[in-house]
Amino acid sequence: MDTCKSQYLKNKLASHVLKNVPYQPSEKVWLALFRAGIIETDSVDLRVQKNGAVLAALRIGDLSTELPADSNYLRQQANFGADPVNGRLLNTDEIRFPQFTADVGLVTHWAVMDAQIAGNVLYFGPLELARMVYMGDTFHVRLETLAIEDG
């Protein structure tokens, strides 16, 4: 999965490193899931917002395309290895979301957040493979498949 750093995190880190402004990161981080908005549908074709539109929104912290809570969606805690290798960290546990109680649509993007509810986007990116999620489905991220690369 490709990784981008949010504007929020870029500003916090630059201020901390270059201006000695204290930055206290969250003790835990949470994985959030996002969907692209459908802009056109018909019986043969399904088109969604361009990848860049969702990425641009996440870069500035716009959470408007996060999956809806009324579908039994809740951000899940994500754990990463203690020491990065060449600026890269991998998830050290499988991340499982509860069974969905409603259709949520095409899940296309992810973000690592500093809070389980609301909070700030830290890192984000597109899923390697977008997936339609329907009522009764589950969603999980396998061990060591979510790579955060700080480059």
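1. Basis. The model is predicted, so local features are taken only at pLDDT of at least 70 and side-chain atom pairs only at pLDDT 80 or more, while totals for chains, interfaces and linings use all residues. Residues are numbered from 1 along each chain as its sequence is written, and side-chain values use heavy atoms, with hydrogens and water left out.

2. The sheet. Five strands form an open sheet in the order E1-E9-E8-E2-E5, with antiparallel pairing. Strand E1 (4–5) and E5 are at the edges with a single partner strand each, so one side of each has no neighbour in the sheet. Strands (E, at least two residues) and helices (H or I, at least four) are DSSP runs numbered from the N terminus. Two strands pair if DSSP finds at least two bridges between them.

3. Strand E2. Strand E2 covers residues 29–35 and runs antiparallel to E8, to which 6 bridges join it. E2 also pairs with E5 in the antiparallel sense, over 3 bridges. Of the 7 residues in E2, 6 are buried. Buried means under 20% relative accessible area, exposed means over 50%, and partly exposed lies in between (1.4 Å probe, protein chains only).

4. Leu-31 has Val-112 as its bridge partner in E8, and in E5 Leu-31 stands opposite Gln-76. For Leu-33, the residue opposite in E8 is Trp-110.

5. Glu-66 and Arg-75. By the rule used here, the count comes to 4 salt bridges. A salt bridge is a side-chain nitrogen of Lys or Arg within 4 Å of a carboxyl oxygen of Asp or Glu. One of them joins the side chains of Arg-75 and Glu-66, at 2.8 Å from N to O. Both Arg-75 and Glu-66 are buried; for Glu-66 the relative accessibility is 14%. The side chains of Glu-66 and Arg-75 are also joined by a polar contact of 2.8 Å. A polar contact is a pair of N or O atoms within 3.5 Å; within protein, one must be able to donate a hydrogen and the other to accept it, and residues adjacent in sequence count only if both atoms are side-chain atoms.

6. Surroundings of Glu-66. Glu-66 lies in the loop between H2 and E5. With neighbours within four places in sequence left aside, Glu-66 is in contact with Ala-32, Leu-33, Phe-34, Tyr-73 and Arg-75. Contact here means heavy atoms within 4.5 Å.

7. Glu-149 and Arg-88. Glu-149 forms a salt bridge with Arg-88, and the closest N and O atoms are 3.3 Å apart. Glu-149 belongs to strand E11 (residues 147–149) and Arg-88 to strand E6 (residues 88–90), so the pair ties together parts 61 residues apart in sequence. Glu-149 is partly exposed at 41% relative accessibility, and Arg-88 is partly exposed at 39%.

8. Glu-94 and Arg-96. A further salt bridge links Glu-94 with Arg-96, the closest N and O atoms being 2.8 Å apart. Glu-94 counts as partly exposed at 37% relative accessibility, as does Arg-96 at 48%.

9. Leu-90. Leu-90 lies in strand E6 and is partly exposed, with a relative accessible area of 26%. The C-alpha atoms of Leu-90 and Thr-145 are separated by 6.7 Å, although the two residues are 55 residues apart along the chain. Beyond its neighbours within four places in sequence, Leu-90 is in contact with Asn-79, Phe-80, Gly-81, Glu-144, Leu-146 and Ala-147.

10. Positive phi. Most residues other than glycine have a negative phi. Asn-72 has a positive phi near 75°. Asn-72 is found in the loop between helix H2 (51–59) and strand E5 (76–78) and is partly exposed, with a relative accessible area of 37%. Ala-118 also has a positive phi, near 60°. Ala-118 is found in the loop between strand E8 (105–113) and strand E9 (121–133) and counts as partly exposed at 48% relative accessibility.
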